[in-house]
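Dear colleague,

Please find the structure below, handed over for your study.

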Amino acid sequence: MHEEVVTCALCRESSSVTVVTSTSSFGSPDLDLRPAEPERSSIFAWVQRCGWCGYCAPTIEEGTAYTHEIVESPSYRALLVDADLPDLARSFLCSSLIFEELEEEAWATRNAIEAAWVCDDENAREAAVRCRLLAAERLCESQTEGDALYEDPSVGCAVLVDLLRRAGHFEDAVKEADAALDYAEVEVAAVLAFSRALAFARDSGTYTVEDALSTGADDRAIVGALQQLVAYGERGDYFAKCMILRADEPRNYYVQFAVDEGGLFCEVVHNKYLAQEHSFTGDDIAKLLLLGFEAPEYEDQNLFRVFHPASEDDYAAIVSLVRTVVADFFGLPRGHPLLLGTSWGLGDDQNSR
């Protein structure tokens, strides 16, 4: 990173700018793909502004006559001096406006997102919301116009969900996540599911991709917990020994296991423990019955099934069944992260990471 004197392509005056020659990031990006340090701190050098005519762009040495018309337009001049925005955010939004007018939707989206990051750094909450909503609008335009910022549409949708969630548009975020989960691959699906849960809980905080991917227990961790639970049962130690896999905490969707002399009991949450808007229909429950589960035998019981696992294959089949319940009964993606909690060890609700 170094200082250079460059000549503005529009007014031909010279300005001193910071140029990033190379950078790197160490750690997980945020859910909106903002990079980790040290790259994220170089954001001030990602856009340049001519100190004479106010032209803003990734590099002000490039421009056309039409670019000059945009820079002189009333909308551009007003944005350049908008006191409700941090100064650097104004530069990014001015650059975004130019790209929008030039129909370069991907760059217009990128600069709008970067403006939101600047607002975050300046603790300018209202300005950040404004920038994120603009970025969400331009992201949708970029996908529609065939100039998408992200090659994978599901990645673009994951960023869109985070933009909406961070802006407090929780219902819209949930809606977009639900649509994208139908076709997203495993890792992106896990991020979407995590973001959806945050939006459902009306959480507008900052989280990373690592947060999303490390939240759920993998199949090996689930098998290990099941084996330990069965070992307790084989010793006749049944009291307060259970394991729970939470699929969607806001809706209280879970699968739980316990042991007694009858075997390993698997229960899926029943409507008695759900809010009315999250309850299952008769058709939903029929799907579970087809998977071998039985109706509750008493008022406080969930839908249940009993297993007698004796081999690794038996345990793998149980985990596969749980994944099927998550997908076919709860309506979540098969790779959706599951929070693993046990009643033993260091606490009653430890997440496997």
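Just after α10, glycine 236 has a positive phi of about 75°. The model is predicted, so to speak of local features a pLDDT of at least 70 is needed, side-chain atom pairs count only at pLDDT 80 or more, and totals for chains, interfaces and linings use all residues. Residues are numbered from 1 along each chain as its sequence is written, and side-chain values use heavy atoms, with hydrogens and water left out.

The protein has 12 helices and nine strands (DSSP runs numbered from the N terminus: helices are H or I with at least four residues, strands are E with at least two). Its radius of gyration, taken over C-alpha atoms, is 26 Å, well over the 20 Å that the globule rule (2.2 Å times the number of residues to the power 0.38) gives for 353 residues, so the protein is more spread out than a compact globule. The C-alpha trace spans about 85 × 40 × 30 Å along its principal axes.

Helix α10 comprises the 16 residues 219-234. At 1.5 Å a residue (times one less than the number of residues), α10 should span 22 Å, which agrees with the 22 Å between its end C-alpha atoms.

Which residues of α10 are buried? They are Ala221, Ile222, Val223, Ala225, Leu226, Leu229, Val230, Tyr232 and Gly233, where buried means under 20% relative accessible area with a 1.4 Å probe, protein chains only. Their cover includes β5 (242-248), β6 (253-260), β7 (263-268), α12 (312-329) and β9 (339-342), by contact (heavy atoms within 4.5 Å).

Yours sincerely

How values were computed:
Buried < 20%, exposed > 50% of the residue type's maximum accessible area, 1.4 Å probe, protein only.
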